[in-house]
Amino acid sequence: MKLLAISDLHVRYTENRAIVEGLRPESDDDWLVVAGDVGETFDDIVWALGTLNERFAKVIWAPGNHELWTPPKDPVQLRGDKRYTHLVRTLRDLGVVTPEDEYPVWPGADGPVVIAPLFVLYDYTFRPEGTYTVEGALDVAHQAGVVATDEYLLHPDPYPSREAWCRARLSYTRSRLDRIDPALPTVLVNHFPLVREPTRVLRYPEFALWCGTEATADWHVRYRAITVVYGHLHIPRTIECDGVPHREVSLGYPREWRGRPVAPAGLVRILPQR
């Protein structure tokens, strides 16, 4: 029995869709964590997660920014929190675990572990050096020609801004994490990195603005994480913060992985750790 993970499936690309169609568990008992950016259109997201849910004993999903987009050609034109809520309800009906559900407990041989899928967004606090406000940071990014598509397709409705939506999600998520039995360790799953360190290697450092929030910097310690799983950056690797492995498990875009000397990593084993 294994806990496996992957993120950034981006199934609108034919090559990525084929990879998803080929994903299989190693045993009938394996669980799968999907850390966001499954796709952009509602039907693609439901297809991919529904397909995986038919194969794995349990599928646990944390949304990425792409799931929250409202593309002009998507028949589902819900925006912001209504889009997220509709996704949650639809995926629940399929049996997928969402950030709004009870956190499942992994019954591993080394003892139980709480698997916590999170949705906390970002709040523009990963700012370029020398900037101290959201406006100033965004101005620097615009001048550098680095502007995330979120600025056009990820609507925060009914919140006045993405950072306001982030603040609401942070408060809600902290209250849920605080209720976990303090005797239990966790695996924290979030699309965006919980700490800023992984963004230090970005080719365009201004993009860090859309990559997380400083408010989660101590969560891996506060909530007894044995591993943090994330995606978004399309830089698959593992770093350690305070002795806790932070594992980036993204597939990414075909143009990114097609030229690599080895094939994409595919599913990454999270548990057991040895």
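**View 1. Helices and strands of the predicted model.** Helices (H or I, at least four residues) and strands (E, at least two) are DSSP runs, numbered from the N terminus. The protein has 8 helices and 10 strands. This is a predicted model: local features need pLDDT of at least 70, side-chain atom pairs count only at pLDDT 80 or more, and totals for chains, interfaces and linings use all residues. Residues are numbered from 1 along each chain as its sequence is written, and side-chain values use heavy atoms, leaving out hydrogens and water.

**View 2. The largest pocket.** A pocket is an open set of points on a 1 Å grid over the protein atoms alone, where a 1.4 Å probe fits, with protein on both sides within 12 Å along at least five of seven lines. Lining residues have an atom within 4 Å of a point. The largest pocket holds about 720 Å³ of space, the volume filled by probe spheres set on the points, which are joined across faces, edges and corners. Its lining has 22 residues, and Phe207, His234, Tyr253, Arg255 and Glu256 are the closest to the centre. By class, the lining splits into 11 nonpolar, 5 polar and 6 charged residues. Ala, Val, Leu, Ile, Met, Phe, Trp, Tyr, Cys and Pro count as nonpolar; Asp, Glu, Lys and Arg as charged; the others, Gly among them, as polar.

**View 3. The second largest pocket.** This pocket has a volume of about 190 Å³. Its lining includes Met1, Trp106, Ile226 and Arg274. Strand 4 (105–108) and strand 5 (111–117) each give at least two lining residues. The classes are 7 nonpolar, 3 polar and 2 charged.
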